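Here is a walk through the helix packing and the nonpolar core of one model. Please keep the structure in view while reading.

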Amino acid sequence: MTGVGIFGAIIIGILAGWIAEKTLGRSHGLLTNLVVGLIGSFLGAALFSTLGINVQAGWIGSLIVSSVGAVVLLFLLGLFRR
């Protein structure tokens, strides 16, 4: 999440976690959404980098990468919890 600052990273993390929970039909709290979104941002960045996809930095790019990573993270966690 380059170029958004720490406050922006927190907001993007919360939004990405919320998008992921709604996409997968889960129900989490604000803190869980933040953690899922922040971990998802690292996972999404690694995934996009591995696939050779370059997303522009900033709010929208960071939100897209973080949301994709958060969805993947919750999906993988769902596989292990069953």
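Setting aside neighbours within four places in sequence, Ala70 is in contact (heavy atoms within 4.5 Å) with Ala16, Ala20, Val36, Gly37 and Gly40. The model is predicted, with local features needing pLDDT of at least 70 and side-chain atom pairs counting only at pLDDT 80 or more, while totals for chains, interfaces and linings use all residues. Residues are numbered from 1 along each chain as its sequence is written, and side-chain values use heavy atoms, leaving out hydrogens and water.

Ala70 also belongs to the largest nonpolar core, whose five residues are Ala20, Val36, Ala70, Leu73 and Leu74. Such a core is a set of buried Ala, Val, Leu, Ile, Met, Phe, Trp, Tyr and Cys residues joined through side-chain atoms within 4.5 Å; buried means under 20% relative accessible area with a 1.4 Å probe, protein chains only. Helix H3 gives the most to this core, with three residues.

The axes of H2 (residues 30-51) and H3 (residues 59-81) come within 6 Å and cross at roughly 100°. The two helices are therefore roughly perpendicular (65 to 115 degrees) to each other. Among the residues making this contact are Val36, Gly37 and Gly40 of H2 and Ala70, Leu73 and Leu74 of H3. The contact of H2 with H3 has twelve nonpolar, six polar and no charged residues, with Gly counted as polar.

H1 (residues 5-23) packs against H2 at about 100°, their axes 7 Å apart, and H1 and H2 are therefore roughly perpendicular as well. The contact includes Ala16 and Glu21 of H1 and Val36 and Gly37 of H2. Its residues divide into nine nonpolar, four polar and one charged.

Methods: Axes are lines fitted to C-alpha atoms, for helices over the stretch in contact, and angles run from 0 to 180 degrees between N-to-C directions. Helices (H or I, at least four residues) and strands (E, at least two) are DSSP runs, numbered from the N terminus. Angles under 35 degrees count as roughly parallel, over 145 as roughly antiparallel, 65 to 115 as roughly perpendicular and the rest as oblique. Buried means under 20% relative accessible area, exposed over 50%, partly exposed in between (1.4 Å probe, protein chains only).
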